[in-house]
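I am opening my notebook to keep a record of what I looked up in this structure, one topic at a time.

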Amino acid sequence: MLLRSIRLSFIYSSTEFSLHSRPKSTSFLSPSISASIAKPRSQMASFSSSSQPPKLLFRQLFEKESSTYTYLLADHSHPDKPALLVDPVDRTVDRDISLVKELGLKLIYAINTHVHADHVTGTGLIKTKLPDVKSVIAKSSNAKADLFVEHGDKIYFGNLFLEVRATPGHTVGCLTYVTGDAPDQPNPRRAFTGDTLLIRGCGRTDFQGGSAEQLYKSVQSQIFTLPKDTLLYPAHDYKGFTFTTVEEEMLYNPRLTKDEETFKNIMANLKLGYPKMIDVAVPANMVCGLQDNAELASV
């Protein structure tokens with residue numbers, strides 16, 4: 001289901017949802033307990049004078065086998081505390097769901113930055129345990145999911161939203177999710193860069209349709225153009241770091257501070273080994289992390 005041309009509204013009190021044609025829209029809405037009427041685009045990020053301004057609840061979680069970060073975000077001021085997970089891992093699904101329940105959140109989306117090659121996504125497994133959760137991935141990934149996003153789309157959870165930015169290069173379907181640019185959205189902004197931009201590094205570009213030229217242009221045009229104080233959260237870190245900023249990476253990233261030709265030469269000479277999980281992870285992640293046909297059919 002492509003999100004660019006739909007208007008989506010859920011009702012918490014039931015499992016039903018409705019789709020309405022909206023050709024010019026590039027956003028989709030989170031659930032509303034009070035009504036199933038989607039807000040006009042000009043009001044999507046607003047809140048009434050009697051409501052509390054949105055408050056971001058944020059947790060950074062870690063899976064040690066693949067050194068993967070999973071991110072939990074929720075609108076904690078919303079009555080229903082709608083939440084989403086970015087890049088969940090199959091091995092830590094029980095931990096993530098337990099935390100969601102402990103914090104009294106309503107998980108509505110499980111989203112991936114791209115089709116991962118180093119671990120199996122937890123989105124499909126989450127859906128077997130929480131059937132109302134919708135999986136989200138880039139349309140350009142050609143992977144299975146409930147909902148597909150493209151550059152410019154917005155993912156709403158309560159009165160908060162993530163802006164979708166296409167950042168191909170590590171894979172053809174890489175996305176960066178950025179917190180909203182509006183007075184009632186978190187400040188400083190946060191960007192979830194997947195494997196496109198790592199802390200003092202970047203993802204490899206030698207498989208899954210990767211392109212060093214594309215990755216360089218993606219970072220320069222879609223990430224380094226964000227405010228310098230934007231907090232950057234990658235999908236992985238192997239040295240114990242947890243986050244960085246746009247300003248830091250523009251100053252200190254040993255690859256992406258170089259000109260494009262130097263960068264492409266660096267990437268062409270990394271001499272990296274064959275990813276040990278790729279033959280398992282990629283086929284699984286193309287079908288929401290579930291390869292068993294019976295299990296997949298139930299999702």
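The entries below go through a sheet, one of its strands, the cysteines and a pocket.

Entry on the model. I note at the start that this is a predicted model, and I read every value below as computed from that prediction.

Entry on the sheet. I looked up how the strands are arranged, and I found 6 strands in an open sheet with the order β4-β5-β6-β7-β8-β9 and mixed pairing. The edge strands are β4 and β9, the latter covering 147-149, and each of them pairs on one side only. From one strand to the next, the twist averages 25°. I reminded myself that strands of a sheet pair through backbone hydrogen bonds, either parallel or antiparallel.

Entry on the neighbours of β5. On one side I found strand β4 (residues 56-63), which pairs with β5 in the antiparallel sense over 8 bridges, and here L61 stands opposite T70. These two strands form a hairpin with 4 residues between them, and S67 in that turn has a positive phi of about 55°. Strand β6 (residues 82-86) also pairs with β5 in the antiparallel sense, over 4 bridges, and L72 stands opposite L85 of β6. The hairpin of β5 and β6 has 6 residues between the strands, with K81 in the turn at a positive phi of about 50°.

Entry on the next pair. I then followed β6 to strand β7 (residues 106-111) and found that they pair in the parallel sense over 5 bridges, with Y109 in β7 as the bridge partner of L84.

Entry on burial. Is strand β5 enclosed or open? I found that 8 of the 8 residues of β5 (residues 68-75) are buried, so the strand is largely enclosed by the rest of the structure. Both faces are covered, with T68, T70, L72 and A74 buried on one side and Y69, Y71, L73 and D75 buried on the other.

Entry on cysteines. I searched for disulfides and found 0. I also checked C174, which counts as buried because its relative accessibility of 2% is under 20%. C202 has 6% relative accessibility, so C202 counts as buried too.

Entry on the largest pocket. How much space lies in the largest pocket? I noted about 760 Å³. Its lining has 29 residues, and D118, L198, R204, H236 and Y238 lie nearest the centre. I sorted the lining by residue type and recorded 11 nonpolar, 8 polar and 10 charged residues.

Note on methods
Residues are numbered from 1 along each chain as its sequence is written. This is a predicted model: local features need pLDDT of at least 70, side-chain atom pairs count only at pLDDT 80 or more; totals for chains, interfaces and linings use all residues. Side-chain values use heavy atoms; hydrogens and water are left out. Buried means under 20% relative accessible area, exposed over 50%, partly exposed in between (1.4 Å probe, protein chains only). Two strands pair if DSSP finds at least two bridges between them. A disulfide is a pair of cysteine sulfur atoms within 2.5 Å. On a 1 Å grid over the protein atoms alone, a cavity is a set of points where a 1.4 Å probe fits but cannot get out, and a pocket is an open set with protein on both sides within 12 Å along at least five of seven lines; lining residues have an atom within 4 Å of a point. Grid points are joined across faces, edges and corners, and a volume is the space filled by probe spheres set on the points. Ala, Val, Leu, Ile, Met, Phe, Trp, Tyr, Cys and Pro count as nonpolar, Asp, Glu, Lys and Arg as charged, and the others, Gly among them, as polar. Axes are lines fitted to C-alpha atoms, for helices over the stretch in contact, and angles run from 0 to 180 degrees between N-to-C directions.
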